[in-house]
There are 2 protein chains.
Amino acid sequence: MMFEKWVLTILLLQFCCVGCGFCGKVLVWPCEMSHWLNLKIILEELLQRGHEVTILTSSQTYFVDYHKPSAFNFEVISVSGNQEDAEKIINEFLHIAVNIMPTLSLWESAKLFQNYFLDLTEQFEELCRKAVYNESLIVKLRETKYDVMVIDPMVPCGELVAELLGIPFVNTIRLSMGNTMERYCGHLPVLPSYVPVSMGGLTDRMTFMERVKNMMFILFFDFVLQQYDFQFWDQFYSEALETLELVKSLGKAEIWLIRTYWDFEFPRPYLPNFVFVGGLHCKPAKPLPKEMEDFVQSSGEDGVVVFSLGSMVKNLTEEKANFIASALAQLPQKVVWRYKGKKPATLGANTRIFDWLPQNDLLGHPKTKAFVTHGGTNGIYEAVYHGIPMVGIPMFIDQPDNIAHMKAKGAAVEVNFNTMTSADLLSALRTVIYQPSYKENAMRLSRIHHDQPIKPLDRAVFWIEFVMRHKGAKHLRPASHDLTWFQYHSLDVIGFLLACVATVIFMVTKCCLFSCQKIGKTGKKKKRE
Amino acid sequence: MMFEKWVLTILLLQFCCVGCGFCGKVLVWPCEMSHWLNLKIILEELLQRGHEVTILTSSQTYFVDYHKPSAFNFEVISVSGNQEDAEKIINEFLHIAVNIMPTLSLWESAKLFQNYFLDLTEQFEELCRKAVYNESLIVKLRETKYDVMVIDPMVPCGELVAELLGIPFVNTIRLSMGNTMERYCGHLPVLPSYVPVSMGGLTDRMTFMERVKNMMFILFFDFVLQQYDFQFWDQFYSEALETLELVKSLGKAEIWLIRTYWDFEFPRPYLPNFVFVGGLHCKPAKPLPKEMEDFVQSSGEDGVVVFSLGSMVKNLTEEKANFIASALAQLPQKVVWRYKGKKPATLGANTRIFDWLPQNDLLGHPKTKAFVTHGGTNGIYEAVYHGIPMVGIPMFIDQPDNIAHMKAKGAAVEVNFNTMTSADLLSALRTVIYQPSYKENAMRLSRIHHDQPIKPLDRAVFWIEFVMRHKGAKHLRPASHDLTWFQYHSLDVIGFLLACVATVIFMVTKCCLFSCQKIGKTGKKKKRE
């Protein structure tokens with residue numbers, strides 16, 4: 001029976017590959033954390049549609065579980081560290097970001113962040129070196145004749161591998177620091193007057209000083225990335241493949257899959273090869289486990305609050321955990337709290353702590369009234385999908401930005417993680433639960449999210465398959481990639497036209513002066529006569 | 001039986017309106033010629049989906065056949081002219097554009113065009129006045145409670161009616177002169193370095209002088225439209241509805257349906273409320289009439305050439321018709337020529353003249369090898385849909401632009417209508433028929449056209465229905481609409497930052513000079529001591 005099933009599956013796959021003409025081979029260059037959780041949904045869908053998916057992963061990966069049996073193929077790049085080291089690095093980063101940075105000055109924070117960034121670059125370089133200089137691996141990959149590469153550009157090198165294999169690639173990204181990657185590599189136009197650059201926590205409606213701040217952010221991120229990232233990788237890339245640069249190489253992406261949509265983003269100019277696929281991981285809620293369902297049902301009319309600071313933040317300081325618990329204890333709602341630390345002394349009878357939550361199923365439960373979140377994109381999209389208002393406690397990377405978006409759209413209240421008190425959290429929760437506008441706005445976003453011509457996951461898969469079918473998507477690539485920066489901004493044309501105008505003014509003035517002089521001389525002559 | 005059918009239809013419509021929650025009432029402000037032919041396809045689809053469609057049309061219309069029984073409702077605005085006058089105006093325009101203009105100097109052509117433009121504006125003004133100052137009409141329309149208006153902004157006033165009725169509207173447009181409307185009203189970003197402005201006949205890959213030309217076109221069209229169009233309508237609009245202006249009013253469009261797609265357009269930045277629906281009218285070919293099919297089949301291996309200068313150009317000068325006929329006579333292919341004039345003396349045995357052609361069915365016929373076209377968007381899209389290479393003989397408005405697009409994409413050869421000889425036409429036809437790259441490129445465009453996540457017609461209807469369901473699409477509207485032009489271009493921010501830099505430089509220089517002076521003085525003092 002089992003054998004027959006296998007034969008049938010193989011036959012179906014064969015038929016699919018022959019029948020549809022584009023079922024092909026996908027090579028993946030992933031990133032860790034929520035990036036991977038999101039990308040995995042696309043890859044599983046590609047598998048479902050009969051494609052072969054191979055993941056090129058570091059042996060040190062913490063998220064990509066290449067040890068377990070899986071429908072994915074894995075090509076593991078051996079680096080010096082192991083999975084435990086990876087976990088240590090992630091925990092160290094979280095400890096610095098959550099507990100250390102808030103106690104430091106801006107300058108000390110920047111210094112610490114720079115050091116972490118340089119450490120990370122060192123690891124990425126090792127990974128890249130072990131991939132591109134491993135001749136047998138490259139030959140094997142080349143011989144497999146992949147049709148497309150799906151790359152998370154947060155880990156550099158994927159695009160270099162694609163160059164070496166000579167295959168088209170698709171980028172998948174939420175955002176880069178200050179949108180530098182999208183701007184420099186993807187040629188996304190910059191309009192600092194109403195397009196807030198990422199990581200600035202600004203919205204599309206800015207005061208004059210906010211617009212100044214936005215412009216300063218752009219200049220700052222451009223400087224940092226040029227100085228610490230692009231320069232380093234340009235040198236590495238040009239060593240591996242003559243005259244190649246990171247910006248040029250990443251700019252060859254056929255499609256940029258952006259993990260947001262207009263329910264979340266502020267409307268802004270974009271390009272035809274930018275496809276917005278935010279919320280592709282969202283699904284209708286499944287029933288909760290019996291114990292959790294009973295607890296949720298016991299909330300009666302008041303309903304439930306779901307509290308999670310994401311899969312990464314496992315421990316809080318005892319003090320913080322205590323005042324969070326005491327705030328939650330004052331709510332008439334029942335609270336489901338994802339928390340792995342020591343049980344706080346102030347924990348109320350209405351609050352239950354869980355190691356792990358079926359977050360999507362809880363947010364889709366009819367009893368759920370509010371979601372307390374750190375502001376990760378995946379979690380926010382689950383709340384948007386189910387129309388749940390939020391209290392955001394953002395900490396780092398894109399989280400302050402994400403919460404700023406939800407605040408501007410009237411579906412969230414923000415609480416400062418470092419300075420918050422029990423009263424702040426309680427007041428924020430009461431606001432989003434009892435002021436109807438928050439629920440209405442969350443429902444409005446949900447309606448927008450659900451009312452798209454095609455589902456985000458289908459859109460993502462469509463464009464990856466399109467690149468496979470057509471060996472690229474060159475018809476969507478703007479010609480700006482062939483211009484220098486001064487040509488792009490028409491500086492040469494403006495200069496030329498200004499020179500023309502100046503010449504005409506000069507000639508006319510000269511002619512006038514000459515005529516005046518001549519008339520003057522003739523007048524004098526006539527007078528003298 | 002008939003009665004039962006009617007009852008069933010009414011019940012179905014009722015059910016649809018209640019069941020889907022958004023089947024609604026659509027009010028349409030149309031334009032003439034190919035614009036109407038394209039828009040009609042969308043409106044018929046809206047009817048099919050159970051919406052009620054009312055067309056607000058001038059009594060003078062030539063294309064919108066409100067006399068015949070129709071599934072559309074009509075609200076006819078009585079103006080001084082009748083349908084015969086409209087035909088006369090259209091024929092006059094065609095005669096000027098096709099026969100007179102080529103014989104005139106650029107200056108005389110511009111003058112003639114300006115006069116025609118002013119005449120047209122006068123007619124549009126009468127239509128608008130008769131619509132917005134007809135109180136009973138406005139009250140009737142207001143009471144009908146339309147859900148959305150679909151507007152072709154080439155005829156001004158639709159958006160003013162929408163304002164008066166207080167309903168959201170969707171614009172449908174191929175392009176405006178120099179893209180002024182899309183830029184000023186829709187806030188489509190301008191990048192003159194690689195985005196050729198419409199009516200310039202340029203592509204996305206421009207030489208330095210072409211980029212200068214593009215910039216000049218932008219400045220020229222901005223001046224002309226500001227001077228002759230915006231100013232006039234601003235005054236009219238502000239009289240009808242206080243403080244209203246054309247640009248602001250048109251800028252309130254929820255969605256802009258653009259009648260092209262990336263198979264035709266050069267990739268460029270656009271906004272989320274711009275939806276590209278080019279080729280929505282294209283359909284698979286139906287069988288040809290018996291006589292035509294026999295003629296086409298008689299072409300054997302050589303195949304057929306389809307020749308049409310559109311529904312508007314009926315007569316050519318005898319000389320022109322003769323040398324076209326003599327060029328066609330030299331082809332081994334059979335030729336199907338849409339032509340209403342006197343039979344040319346040089347007409348070959350291989351050429352058959354028809355009053356009207358089932359153009360889409362002919363272009364989709366397996367025997368068709370090439371399409372000779374004036375370059376109207378609808379015709380070009382039919383050729384793209386069926387993958388047929390083209391010979392373009394553009395005459396006016398968007399036609400030179402359309403052919404420039406197809407030329408740049410390698411699917412067409414252009415022949416100058418005014419200067420062409422028999423040999424030019426023959427050589428162009430031989431090129432597109434016998435050089436395989438033209439067929440290959442036409443097929444590539446066809447594949448791109450057919451390989452979209454959803455069909456263009458479905459996309460157009462989806463967004464009209466979206467506006468009905470949500471009473472707008474505000475989540476797609478960029479915040480740039482609330483900025484002044486200098487804020488939009490960040491000129492205030494740049495000025496402020498430059499002033500800051502200048503102040504810092506000034507202070508530092510002053511401090512340095514002061515310190516130097518002080519050191520100098522101390523030195524001299526010490527020396528003296």
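Helices (H or I, at least four residues) and strands (E, at least two) are DSSP runs, numbered from the N terminus. With that in hand, open your viewer. This is a predicted model, in which local features need pLDDT of at least 70 and side-chain atom pairs count only at pLDDT 80 or more, while totals for chains, interfaces and linings use all residues. Residues are numbered from 1 along each chain as its sequence is written, chains are lettered from A and ligands numbered from 1 in the order in which they are written, and side-chain values use heavy atoms, with hydrogens and water left out.

**Stop 1: two positive phi angles**

Select A:His187, in the loop between α7 (180-185) and α8 (208-240) of chain A. Most residues other than glycine have a negative phi. A:His187 has a positive phi, near 65 degrees. The residue counts as buried, at 14% relative accessibility; buried means under 20% relative accessible area, exposed over 50%, and partly exposed in between (1.4 Å probe, protein chains only).

Now go to B:Asn179, in the loop between β5 (169-173) and α7 (180-185) of chain B. Its phi is positive too, near 55 degrees, and B:Asn179 is buried with a relative accessible area of 11%.

**Stop 2: the disulfides**

How many disulfides does the structure hold over all chains? There are 2, a disulfide being a pair of cysteine sulfur atoms within 2.5 Å.

Select A:Cys128 and A:Cys157, which are joined with an S to S distance of 2.0 Å. A:Cys128 sits in helix α4 (residues 106-132) of chain A, and A:Cys157 in the loop between β4 (148-151) and α6 (158-165), 29 residues apart. Both A:Cys128 and A:Cys157 are buried.

In chain B, pick B:Cys128 and B:Cys157, also joined at 2.0 Å S to S. This link is right-handed, with 75 degrees about the S-S bond.

**Stop 3**

Select B:Cys282. B:Cys282 is buried, with a relative accessible area of 10%.

**Stop 4: out to a loop**

Move to B:Ala349, in the loop between β9 (334-338) and β10 (351-354) of chain B. B:Ala349 is exposed, with a relative accessible area of 80%.

**Last stop: a helical stretch**

Finally, select residues 493-516 of chain A, which UniProt lists as "transmembrane region" in an unreviewed entry. UniProt positions are given in the numbering used here, feature names are shortened, and annotations may be inferred rather than shown by experiment. In the model this stretch is 100% helix and 0% strand, with its end C-alpha atoms 34 Å apart.
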